[in-house]
Amino acid sequence: MSSSEPSTIRDLPMSSNQTAPAATPPTSGGEQNPIREAIEQAIGEHKVILFMKGTPEAPACGFSARTVAALQSLDVPFAAVDILPDPRIRQELSAISNWPTIPQLFANGELVGGCDIVTEMYESGELAEALL
Amino acid sequence: MPFPEEIKQRIESAIPGSSAEVEDYTGGGDHFRATVTAAAFAGRSRIEQHRLVYEIFGAEIGGPIHALSLKTQTH
């Protein structure tokens, strides 16, 4: 008998420009909120991670595109999660970060900001300091 | 759909002593850019400053206010 229920999402739609992407170990226990867990795990595992609309190669919105461009011009390794495939990703992310908009850039496990903040920091040189 | 003037007033009411300049930058009524100046921002990180403004609008961000681009400053 095949289940028509979608399987829980363990793997976020991620891409990375790092040469050795971190392996995602299976989550143990706590099946209550697999998406929230996957997000928290991704934020903890990747030094720099961007939650965005679309992918770095094909951003789906101008704000996401600008944020990606700042990261790419600093040539910093980063992971990217496309929030578009599943609306629950954005929902859980905003609950975790207490931030309402996309994109969201995290570094060293903490929210750096959205497009406006990242752009300001890029222009002032603070972004390089925060990420490298 | 909100007007820039309404957004400006809501920010200035919610953050005493603040002044806000708000523009609708696409003309479509849902993409806004706001520059908010407030002494209340002093000593806070950019994230905290932006959160103070976003919290005024709650669930409207991403809804009727599709985008609210922020620049915050203390003077």
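Leaving aside neighbours within four places in sequence, A:Ile49 is in contact (C-beta atoms, placed from the backbone, within 7 Å) with A:Ala42, A:Ile43, A:Phe78, A:Ala79, A:Val81 and A:Phe106. The model is predicted: local features need pLDDT of at least 70, side-chain atom pairs count only at pLDDT 80 or more, and totals for chains, interfaces and linings use all residues. Residues are numbered from 1 along each chain as its sequence is written, while chains are lettered from A and ligands numbered from 1 in the order in which they are written.

**Helix packing in chain A**

- Helix 2 (residues 62-74) and helix 4 (residues 115-124) of chain A, both DSSP runs of H or I with at least four residues, pack at about 30° with axes 9 Å apart; the axes are lines fitted to C-alpha atoms over the stretch in contact, and angles run from 0 to 180 degrees between N-to-C directions.
- Helix 2 of chain A is therefore roughly parallel to helix 4 of chain A, a term for angles under 35 degrees.
- A:Phe63, A:Arg66, A:Thr67 and A:Ala70 of helix 2 meet A:Cys115, A:Val118, A:Thr119 and A:Tyr122 of helix 4.

**Contact between chains**

- Eight residues from chain A and 10 residues from chain B form the contact.
- Helix 4 of chain A gives the most to the side of chain A that touches chain B, with three residues.

Methods
Helix = DSSP H or I, 4+ residues; strand = E, 2+ residues; numbered from the N terminus. Parallel < 35°, antiparallel > 145°, perpendicular 65-115°, else oblique. Contact = placed C-beta atoms within 7 Å.
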